[in-house]
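The sequence and the structure are shown first.

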Amino acid sequence: MTKPPKPKPLLQDTDKPVQSRPRKPRNPAQPNLPLDPMPDRVDPCLALLKPRPPKGPQWAFEVKWDGYRLAVHIEPTGVRILTRGGHDWTDRFPAIAAEAKRLPVATAILDGEAVVFDERGRSDFGRLQQSLGGRAGKRMSREAVLMAFDLLYFDGHDLRKSELDVRRHLLEDLVPAGGEEAIRLSEEIEADGDTLLRIACEHELEGIIGKDRNSPYRSGRGGEWLKIKCTQSDGFMIVGYETSTASFGGIGRLLLAARKGRDLVYVGGVGTGFNERSAAGLREQMDKLIIRKPAVDTGRKRNAVFIDPKLVAEIEYRAWTHDGKLRHASYKGLREAQDNAEVYEVE
C-alpha cells in the first residue's frame with residue numbers, strides 16, 4: 001500500500017503564494033468553489049473601554065499600541081493602505097506598502113496599527129506624528145511599522161464571519177512572530193489579564209487589549225474587543241489657549257472641551273506635555289482658526305485666544321474634579337482628521 005502524498009503547507013517561504021495546477025481539464029459539471037468579493041473598505045472593529053481586564057479562558061490579550069489604525073489591502077492591482085476614516089495613505093507608508101507586496105498571499109486585508117518605537121521599544125504617538133511631518137504634514141514615514149492583529153480577507157475568502165482564533169491562525173502563518181520587517185505580528189500574550197496589565201503599566205505602556213476568541217469581526221464598538229488603559233487618555237476639542245511669554249510657542253495653557261449631546265462643554269485646560277517643536281506646530285495650526293467669540297463658556301480667562309473647535313488633542317489625565325474638570329492633564333499630540341478622531345463624551 002502506497003503512502004498518501006504529503007500535503008503542501010498553507011504558505012511557503014517564497015514570494016509567491018502556493019498555487020496548484022490541474023492535472024486535466026476541469027469537468028464542466030463539477031461546481032466551482034465560490035469566492036467572496038473583496039470589500040473595498042471595512043469599518044474597523046473598535047475596542048470598548050473598561051476599567052479592569054475581563055476574566056475567563058475565552059479572552060485573548062495583546063499590548064495596546066499607540067498609533068494610527070490602518071487597513072492594508074493587498075489586491076491583484078497592488079497595495080492600498082487606508083486610515084480608519086477611509087483615506088488612502090499608501091504613499092505615506094512606503095515601507096509598509098513594500099513589505100505588504102512581499103507577503104506570500106494573492107489577496108488579503110490586514111487590520112493593524114502603524115507605530116513608531118522609542119529607544120525602549122514602546123510605541124510613541126508623538127514620534128509617529130513627527131515622522132509624518134506633524135499634524136497635517138505630508139511627509140512619508142519610513143520608520144513606521146504595522147503591528148498586524150487581524151486578518152479580514154485571505155486569498156478570495158472573507159473571514160469576518162470566522163472566529164478570532166481562526167483568523168489569528170491564518171494571520172500567524174502569513175506574518176510570523178518575532179519579525180523585524182515593516183509588518184510585524186501583534187502577538188497574543190499568554191497571561192492572566194490582571195497580571196499582563198500590571199506588567200504593561202510597569203513598563204509604561206498605554207495598556208492592553210482583550211479580545212473574545214469566539215467572536216466574529218464586527219465593525220463598531222460591540223464589546224467583542226475591550227481596552228484597559230494604564231492611564232486615562234482621550235480626545236478633547238481645543239477651543240482656545242492662554243498666551244504666555246515664558247512657555248514654548250507662547251502657549252500657557254490649552255482650553256479644552258468635551259461633547260455633551262450635540263453641544264460642547266468646557267472641561268478645563270492643560271499646560272504640560274509640550275516641547276519646543278510640538279508647541280510651535282500647534283500654535284501655527286491654532287492661529288489659522290482664531291475667532292472673536294468663544295465656542296463654549298470657559299469662564300473669565302486672562303490673555304485668552306479663542307479658536308474654531310476643529311482640532312482634537314489627545315490628553316492624558318488621572319481623574320476628574322467634582323465640577324467636571326480634568327485633573328493632572330498632559331498634552332500628547334493632535335489627532336488626525338483622517339484617523340476619525342473621537343472626542344470624549346460627557347454623560
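## Enclosed cavities

The largest share of the lining of the largest cavity is supplied by strand β3, which gives four residues. The model is a predicted one, and a search of the whole structure finds two cavities of 30 Å³ or more. The largest cavity has a volume of about 100 Å³, and 13 residues line this space, of which V42, P44, L70, A71 and D111 are the closest to its centre. The elements that give two or more residues to this lining are β3 and β4. When the residues of the lining of the largest cavity are divided by class, seven are nonpolar, two are polar and four are charged.

The second largest cavity has a volume of about 30 Å³, and its lining is made up of A60, E62, L164, R168, E188 and K211. Strand β2 and helix α3, which spans residues 164-174, each supply at least two residues of that lining. By class, the lining of the second largest cavity has two nonpolar residues, no polar residues and four charged residues.

## The largest pocket

The largest pocket has a volume of about 970 Å³. Its lining consists of 37 residues, and those that lie nearest its centre are R84, R221, K227, K229 and E342. By class, the residues of this lining divide into 14 nonpolar, five polar and 18 charged.

Which strands each supply at least two residues of the lining of the largest pocket? They are β1 (48-49), β2 (59-63), β3 (68-75), β9, β10, β11 and β16 (312-317). Among these, β11 gives the most to the lining of the largest pocket, with four residues.

## Salt bridges

A search of the whole structure finds 29 salt bridges. One of them joins R84 to E342, with the closest N and O atoms 3.0 Å apart. This pair links distant parts of the chain, with R84 in the loop between β4 (78-83) and α1 (94-102) and E342 in the segment after β19 (330-334), 258 residues apart. R84 counts as buried because its relative accessible area is 17%, under the 20% limit, whereas E342, with a relative accessible area of 41%, is partly exposed. R84 and E342 are also among the residues that lie nearest the centre of the largest pocket.

A salt bridge is also formed by E204 and R120, whose closest N and O atoms are 3.7 Å apart. E204 lies in the loop between α4 and β9 (207-212) and R120 in the loop between β5 (108-115) and α2 (125-131), so the pair ties together parts of the chain that are 84 residues apart in sequence. E204 is exposed, with 53% relative accessibility, and R120 is likewise exposed, with a relative accessible area of 54%. D124 forms a salt bridge with R127, and here the closest N and O atoms are 3.6 Å apart. D124 is partly exposed at 23% relative accessibility, and R127 is partly exposed with a relative accessible area of 31%.

## The disulfide

How many disulfides does the structure hold? The structure holds one, and this link is formed by C201 and C230, whose sulfur atoms are 2.2 Å apart. The pair links distant parts of the chain, since C201 is in helix α4 (residues 193-202) and C230 is in the loop between β10 (225-229) and β11 (232-243), 29 residues apart. With -95 degrees about the S-S bond, the link of C201 and C230 is left-handed.

Are the cysteines C201 and C45 buried or partly exposed? C201 is partly exposed, with a relative accessible area of 31%, whereas C45 is buried, at 1% relative accessibility.

Methods:
Residues are numbered from 1 along each chain as its sequence is written. This is a predicted model: local features need pLDDT of at least 70, side-chain atom pairs count only at pLDDT 80 or more; totals for chains, interfaces and linings use all residues. Side-chain values use heavy atoms; hydrogens and water are left out. A disulfide is a pair of cysteine sulfur atoms within 2.5 Å. Buried means under 20% relative accessible area, exposed over 50%, partly exposed in between (1.4 Å probe, protein chains only). A salt bridge is a side-chain nitrogen of Lys or Arg within 4 Å of a carboxyl oxygen of Asp or Glu. On a 1 Å grid over the protein atoms alone, a cavity is a set of points where a 1.4 Å probe fits but cannot get out, and a pocket is an open set with protein on both sides within 12 Å along at least five of seven lines; lining residues have an atom within 4 Å of a point. Grid points are joined across faces, edges and corners, and a volume is the space filled by probe spheres set on the points. Ala, Val, Leu, Ile, Met, Phe, Trp, Tyr, Cys and Pro count as nonpolar, Asp, Glu, Lys and Arg as charged, and the others, Gly among them, as polar.
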